[in-house]
Amino acid sequence: MLLFLSDLHLSPERPTLLSRFRALLEEQAGRVEALYILGDLFDAWIGDDDPAPFAAEVKGVLKRFGKATPLFFQRGNRDFLVGDRFAAETGARLLEDEALVEHQGLRLLLMHGDQLCTDDIEYQQVRAQLRSPGFRRQALALSIPERRALAAEYRRRSGESLSLKPDDITDVNADAVRRALEIHQADLLIHGHTHRPAIHELETGDRPARRVVLPDWRENDPRVGATLDAGRVEWVATAAREPKP
Ligand code: MN
């Protein structure tokens, strides 16, 4: 059984999410074959050298889990600055932006999902800039407080622009989904990002396929991810927990 999570948007401001994450990983360690985190684990990640206690705490949770269970991490649009040091410190293996995994005879295509939102041309332009090696180098050369300010500014702007766009613009584009499935000859596309959890049945060419959209983590929604076993996809839920004192 594989476990998939995304869009937890962990941040020091929301300790309840971190305690739910800790509880889930303690519960699932050694019970699932592997954990795949498909991006936006963090609400913002300003670099692997962030000395904040919050960053160290999340790394510790991942490291403890990774001792019992293989752990894979794909970058999202909020944590694209995750790098090799994070991987070394947590034991997570970093995945490419499009990762193909074979499991029990099924071909799984794993993506964060933002690259499928091709109708949002403005977003794709910003994404291309932020994900360029040049931006990465420049951003990581800034001081930690400067990076923190930049991340806050980016979050504010992205929230504003999202709220102004119609819903269908910020969802995935059906052709982009079909193309991705066809290129990889995948049976299942699993992604997050859109915060529209669902399991869609699709036809691509002559083969059926499914698109699983992972849930984002909300204080009032118990769904936190999905498992895949013997071709069956099931939601995973946790009880909301109070933060530890
Ligand atoms: Mn995202």
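This is a predicted model: local features need pLDDT of at least 70, side-chain atom pairs count only at pLDDT 80 or more; totals for chains, interfaces and linings use all residues.
Residues are numbered from 1 along each chain as its sequence is written, and side-chain values use heavy atoms, with hydrogens and water left out.

**View 1. An open sheet of six strands.** Follow the strands in the order β4-β3-β2-β1-β10-β11, and you will find mixed pairing. Strands (E, at least two residues) and helices (H or I, at least four) are DSSP runs numbered from the N terminus, and two strands pair if DSSP finds at least two bridges between them. At the edges sit β4 (93-95) and β11 (232-237), each pairing on one side only. From one strand to the next, the twist averages 25°; axes here are lines fitted to C-alpha atoms, for helices over the stretch in contact, and angles run from 0 to 180 degrees between N-to-C directions.

**View 2. Strand β1 and its surroundings.** Residues 2-5 form β1, which pairs with β2 (residues 34-38) in the parallel sense over four bridges. Look for Leu5, which stands opposite Ile37 in β2. Helix α1 (residues 15-28) lies across β1, β2, β10 (223-229) and β11, and runs at about 170° to β1.

**View 3. The manganese site.** Asp40 (OD), Asn77 (OD1), His112 (NE2) and His193 (ND1) coordinate the manganese ion at 2.1 to 2.2 Å. Donors are N, O and S atoms within 2.8 Å of the metal (3.2 Å for Na, K and Ca); water is not among the atoms, so sites may look incomplete. Asp40 belongs to the loop between β2 and α2 (53-68) and His193 to the loop between β7 (188-191) and β8 (198-204), so this pair ties together parts 153 residues apart in sequence. Asp40 is buried, at 1% relative accessible area, and His193 also counts as buried, at 17%. Buried means under 20%, exposed over 50%, and partly exposed in between (1.4 Å probe, protein chains only).

**View 4. The largest nonpolar core.** This core has 32 residues, and Leu5, Phe21 and Leu62 are among those with the most contacts inside it. A nonpolar core is a set of buried Ala, Val, Leu, Ile, Met, Phe, Trp, Tyr and Cys residues joined through side-chain atoms within 4.5 Å. Helix α2 gives the largest share, six residues. Beyond its neighbours within four places in sequence, Leu62 is in contact (heavy atoms within 4.5 Å) with residues including Phe21, Ile37 and Phe86.
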